Amino acid sequence: MSAIYILWLRELKRYVRSKAQIVASLGQPLLYLLVLGFGLGPVFQKAGNGSYLQFVAPGVISMTILFSVIFSGIAMLWDRQFGFLKETLVAPVPRIEVMIGRTLGGATVAVIQGTLILVVCLIAGFRPVQLSMLPLAFVFMALIAIVFAALGTAFGSILQDMQGFQLIMNFMVLPIFFLSGALFPLINLPRPLAIITRLDPLTYGVDALRGVLINASHFGLALDVSLLCAIAVAFLSLGGYLFSKIQL
Amino acid sequence: MIQVQDLVKKYGDFTAVNDISFTVEAGEIFAFLGPNGAGKTTTIKMLTTLLTPTGGKIELDGLDPTVHKNEARRKFGIVFQDPSLDNEQTAYENMALHAVLYKVPRKVRGERIEQLLKLFELWERRDDIVKTFSGGMKRRLEIARGFLHTPKILFLDEPTLGLDPQTRNQLWTHVKHLNETQKTTVFLTTHYMDEADRVAHRIAVIDHGGIVAQGTPQELKQQTNSESLEQAFLSLTGSSIRDEGATSADQMRQVAKMWGRR
């Protein structure tokens, strides 16, 4: 347990100490929130869907979390090639503990990032429907973080170099984001798109966050929660397995 | 202390380590010498549980590291060819993290960290982030860290690569001192023959994945009728230059330089 704690703490320390990185990583979500939020706002309103800022805020929070955990998973590439990963891999600690410590650390950092964006959303004019549901929003943010942190660890375990990173960004992470319904409503979609969005784990995370923040869940919270938990278990097992197989 | 029998590592058709056997006695300083790509690092990785051998037997203090991984890991400390410190944490935090991972009893943790950081002249800088350290300071910190859990065996994979003579000298003095006082068994690789000649009790020369000679520095020189270990080494391994392909680590090192990560 102490090994999990100290590795979790390490991720947190690294985050808190890299002020530039904190600011930089908030840039992209801010663009989506402000440019799309206000840019598409009038059209969205005319189509009779209400405020786009309200709609897109939970999506942007999810995106922040997704990118943050995937990056921390991929940061393992650096640790792996010339660094710290070896130190943890030769230590007399079961690899699964190392993996859990790293993954939870990355997830915690992501929830902090998501919270920062939530605050920015509030400043920009986003209003949660029920303040009493806010604690639940954090539960879902944590769930999203764990699901994709585990996936990030899985990626980090199999990646050998930076070229692979581009591949994963363009063919995994960006599609996961764009197909999650973070930016558009899931109603009346063309059939192929409707099917693909339902296969995307992030869809249920975004949907759950919308459920608690603006009371507009498409699938219902019960389904979202059970699916997210199941996916978390599956990805954690996958990540744990791949991490235990790392050879240097 | 270390027993290796018929150890083999193959990557597809390529045999990196080809059927090597050797024994390192307790309290001995054993140097493993060879040109680039001879199989030194691969051997160390197999000894330290980072790679699974294709064949052969290893025993570390009576334990098979491929079976009893965690028990074996507690027996040794290692200083890698590439630094393995956490650059974003302080020297003290790196030591503390290591102490937790190796379950150094809480009571002696602070005391041992202080003692080792003082020994390696890093105590004044204990609260500085490691990325501000020079190459020599990082190396010293890594070696200090390697000793923190009082390992029975210390692996040093080219620990003096890129260090100036002063730092190298100081480093070996510390290693010898700890070998004499704590009876730590040391297994080292280096490209500096004078270092091996000075500190090693026994030497094995490896080339193309196989051991070509073993013995004390004196014996190796006599065998080859050489005056220096460097001459002996060259006559054993030939003077042709070995080119290694750039690994993905090398490529990433380039990228890292570009981005100023290190």
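Visitor: What percentage of the 248 residues in chain A do buried residues make up?

Guide: In this predicted model, buried residues make up 48% of the 248 residues in chain A. A residue counts as buried if 20 or more other C-beta atoms lie within 10 Å of its own.

Visitor: How many helices and strands are there in chain A?

Guide: Chain A has twelve helices and zero strands. The radius of gyration of chain A is 18 Å, close to the 18 Å that the globule rule gives for 248 residues, so chain A is as compact as a globular protein of that length. Along its principal axes, the C-alpha trace of chain A spans about 60 × 40 × 35 Å. Of the contacts in chain A between residues at least 6 apart in sequence, 80% join residues at least 24 apart.

Visitor: Please show me a single residue. Is Gln54(A) buried or exposed?

Guide: Gln54(A) is located in helix 4 (residues 52-74) of chain A. Gln54(A) has 22 other C-beta atoms within 10 Å, so it is buried.

Visitor: With which residues is Gln54(A) in contact, leaving aside its neighbours within four places in sequence?

Guide: With those neighbours set aside, Gln54(A) is in contact with Phe126(A) and Ile214(A).

Visitor: Let us turn to the place where the chains meet. How many residues of chain A are in contact with chain B?

Guide: The general idea is that the size of an interface is often given as the accessible area lost when the parts come together. Here we count residues instead: 26 residues of chain A are in contact with 29 residues of chain B. Helix 1, helix 5 (76-82) and helix 6 (84-89) of chain A are the elements that give two or more residues to the side of chain A that touches chain B. Helix 1 of chain A gives the most to that side, with seven residues.

Visitor: How should I read the crossing of helix 1 of chain A and helix 3 of chain B: is it left-handed or right-handed?

Guide: Begin with the axes. Those of helix 1 (residues 2-17) of chain A and helix 3 (residues 91-101) of chain B come within 9 Å and cross at roughly 155°. The two helices are therefore roughly antiparallel to each other, and their crossing is left-handed.

Visitor: Which residues meet there?

Guide: An α-helix has 3.6 residues a turn, so residues three or four places apart point the same way. In this case, Ser2(A), Ala3(A), Ile6(A) and Arg10(A) of helix 1 of chain A meet Leu97(B), Val100(B) and Leu101(B) of helix 3 of chain B.

Visitor: Against which helices do the buried residues of helix 3 of chain B pack?

Guide: The buried residues in helix 3 of chain B include Ala91(B), Asn94(B) and His98(B). The buried residues of this helix pack against helix 1 and helix 6 of chain A, together with helix 4 (106-119) and helix 5 of chain B. After helix 3 of chain B comes Lys103(B), whose phi is positive, near 55°.

Visitor: In which sense does strand 3 of chain B pair with strand 7 of chain B?

Guide: Strand 3 of chain B and strand 7 (residues 185-189) of chain B pair in the parallel sense over four bridges, and Phe32(B) has Thr189(B) as its bridge partner in strand 7. Strand 3 of chain B also pairs in the parallel sense with strand 8 (residues 202-207) of chain B, over four bridges. In contrast, strand 8 and strand 9 of chain B run antiparallel and are joined by five bridges.

Visitor: Which residues point each way from strand 3 of chain B?

Guide: In a regular strand the side chains alternate between the two faces of the sheet. From strand 3 of chain B, Ile29(B), Ala31(B) and Leu33(B) point one way, while Phe30(B) and Phe32(B) point the other way. Five of the five residues of strand 3 (residues 29-33) of chain B are buried, so this strand is largely enclosed by the rest of the structure.

Methods
Residues are numbered from 1 along each chain as its sequence is written. Chains are lettered from A and ligands numbered from 1 in the order in which they are written. This is a predicted model: local features need pLDDT of at least 70, side-chain atom pairs count only at pLDDT 80 or more; totals for chains, interfaces and linings use all residues. A residue is buried if 20 or more other C-beta atoms lie within 10 Å of its own, exposed if 12 or fewer, and partly exposed in between; C-beta atoms are placed from the backbone. Two strands pair if DSSP finds at least two bridges between them. The radius of gyration is taken over C-alpha atoms; the globule rule is 2.2 Å times the number of residues to the power 0.38. Two residues are in contact if their C-beta atoms, placed from the backbone, lie within 7 Å. Axes are lines fitted to C-alpha atoms, for helices over the stretch in contact, and angles run from 0 to 180 degrees between N-to-C directions. Angles under 35 degrees count as roughly parallel, over 145 as roughly antiparallel, 65 to 115 as roughly perpendicular and the rest as oblique. A crossing is left-handed if the near helix is turned anticlockwise from the far one by less than a right angle, and right-handed if clockwise.
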